[in-house]
Amino acid sequence: YAWIVSHYLLGEEQFISSVLRQKSIDLDSVFVVNCEDIVNSDQFDNQIRERFSVSLSKLVIDLCNIVQKPVLIFNNVQEAFLQNDLAQFRKTILSVVGFSDNINVIVVSNTKPSASLFDYIELQSLKQEEVNRCVTEALPQEKFTAFDFEKIYNITNGYPLCVDILCGKLRYLSLNDLDESDFSLYKNDLPIPRVTTEYINTIRNSSNTTERNCYNLLLLMSLLPKGDMFSTIRRFNSTSPFKGDELESLVNRDLLTVEHYYIIKNNELINQPKVLRIPKIYRDYVLSIEDKETLRQMNYQICTLYLGERWHQYNVKIKKTGMDEYFPFTYYNVESALKYLLQYSAESENDNNYVKYLTIAGNYLDKLEQDDFYYVALYVANDLYQYIQTINVKEDAKRPLSYFKFKLANLERMNGHHERCVVLFNEVLEDNILNSSQLQSCRECLAYTYTKRRDSE
């Protein structure tokens, strides 16, 4: 395996591609798992299932049977994940590479792992002479002086992606025409070149229909953390559907990526429709410049997209596709939208809407159960429950939370997590907030769980 420490501007993708070519490894044998939103091992396991429709252990076995030299890349591993589960992650990597000499693992993170657990390579910015060589190869017709090369190095700080952007601009601008501030970073903890943030703000404020649609697509995808297929979101706004040209504009600027999801069936790897996704670094920036009311309206429309026109009247309908059996990951986009609406209602001190959205969240879980997506329902319920507990609301709005806890306990039970569900059932009974019928149902579920555990209690 190889562990690469890098950050956005250092061009780790180009570095990895170069190494793989030198090793004569076909890029079709490379499978990437995006880990930028993962903070623990449970989420990591879930991401594997989302991406490949099988568990990691089954994936490794199948890839070794199907592909000659498979390479698994765990990309954008975040510091929070390493802090929470580094030891477990190490066991996972060692078990994968220990299964076969043919499989390779590459980990890419923006922070260094513990040196006692992992060896790693840390990518650095380019040196002056390396920048000179890159620019000369990219622009062989241009004649640069030593002073010009020094200026280019100072503008780009030696970051490969900044060098690429600069070379692109120098095809139609002279070096003296360049605005050096275009290549300054937006801020220290969000390393986006200013040229990118200015483009985002330009299309956001544009009166041009195509540019404005580009921004609307960027904003929508920033609110879908799991991404989705273009066919799903194309008619998000029925009066102004998104076009392929707008999609292409964002892809060409690396603001939007295309991720491949797979089904492994009968020892065969089936490439499925492509999923569009905005990298987290851009999602965070776009959401930081938008006002809360716009975000509320967009999240409301996202619920309409996934749950039907009457979802706000408690009539939740899940729009199914042929991919749902394998890729139910888009259901987590609904979870994200409901979280925002709950938070917005609490901050606005609108308890009625808070209770309404929490009830709708419960109805959503019921629908997932009815479609036999028990593990998805449990994952969503756990996330929502932990999130809801961080929201401050009045006492009168807390009754639905107790019922939501009861739903979560039942999902834990149906997924075989008996220890956890016993704790939650007992908490619901101690809360004593639900009506008598609901409390009786809770007692019956608890008794059934004890029976399953053969517990004398």
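**View 1. Surroundings of Gln47.** Apart from neighbours within four places in sequence, Gln47 is in contact (heavy atoms within 4.5 Å) with Val33, Asn34, Ile38 and Lys226. This is a predicted model, in which local features need pLDDT of at least 70 and side-chain atom pairs count only at pLDDT 80 or more, while totals for chains, interfaces and linings use all residues. Residues are numbered from 1 along each chain as its sequence is written, and side-chain values use heavy atoms, with hydrogens and water left out. The side chains of Gln47 and Lys226 are joined by a polar contact of 3.4 Å; the term denotes a pair of N or O atoms within 3.5 Å, where within protein one must be able to donate a hydrogen and the other to accept it, and residues adjacent in sequence count only if both atoms are side-chain atoms. With a relative accessible area of 5%, Gln47 is buried, a word that stands for under 20% relative accessible area, computed with a 1.4 Å probe on protein chains only. Gln47 and Glu369, 322 residues apart in sequence, have C-alpha atoms 20 Å apart in space.

**View 2. Helix H2 and its ends.** Gln47 belongs to helix H2, residues 41-52, where a helix is a DSSP run of H or I with at least four residues, numbered from the N terminus. The end C-alpha atoms of H2 are 17 Å apart, which agrees with the 16 Å that its 12 residues should span at 1.5 Å a residue, the expected span being 1.5 Å times one less than the number of residues. Of the 12 residues of H2, 9 are buried, among them Phe44, Ile48, Glu50 and Arg51. At the N-terminal end, Asn40 caps H2 through a side-chain oxygen 3.2 Å from the backbone nitrogen of Asp42, and H2 is followed by Ser53, whose phi is positive, near 70°.

**View 3. Glu12 in helix H1.** Glu12 lies in helix H1, residues 12-22, and is buried with a relative accessible area of 10%. Leaving aside neighbours within four places in sequence, its contacts are Ser6, His7, Asn75, Val108 and Leu123.

**View 4. Helices H16 and H17.** The axes of H16 (residues 374-388) and H17 (residues 399-414) come within 9 Å and cross at roughly 145°; axes are lines fitted to C-alpha atoms over the stretch in contact, with angles from 0 to 180 degrees between N-to-C directions. Residues of H16 including Tyr374, Leu378 and Tyr385 meet residues of H17 including Phe404, Leu408 and Met414.

Terms used: Helices (H or I, at least four residues) and strands (E, at least two) are DSSP runs, numbered from the N terminus. Buried means under 20% relative accessible area, exposed over 50%, partly exposed in between (1.4 Å probe, protein chains only).
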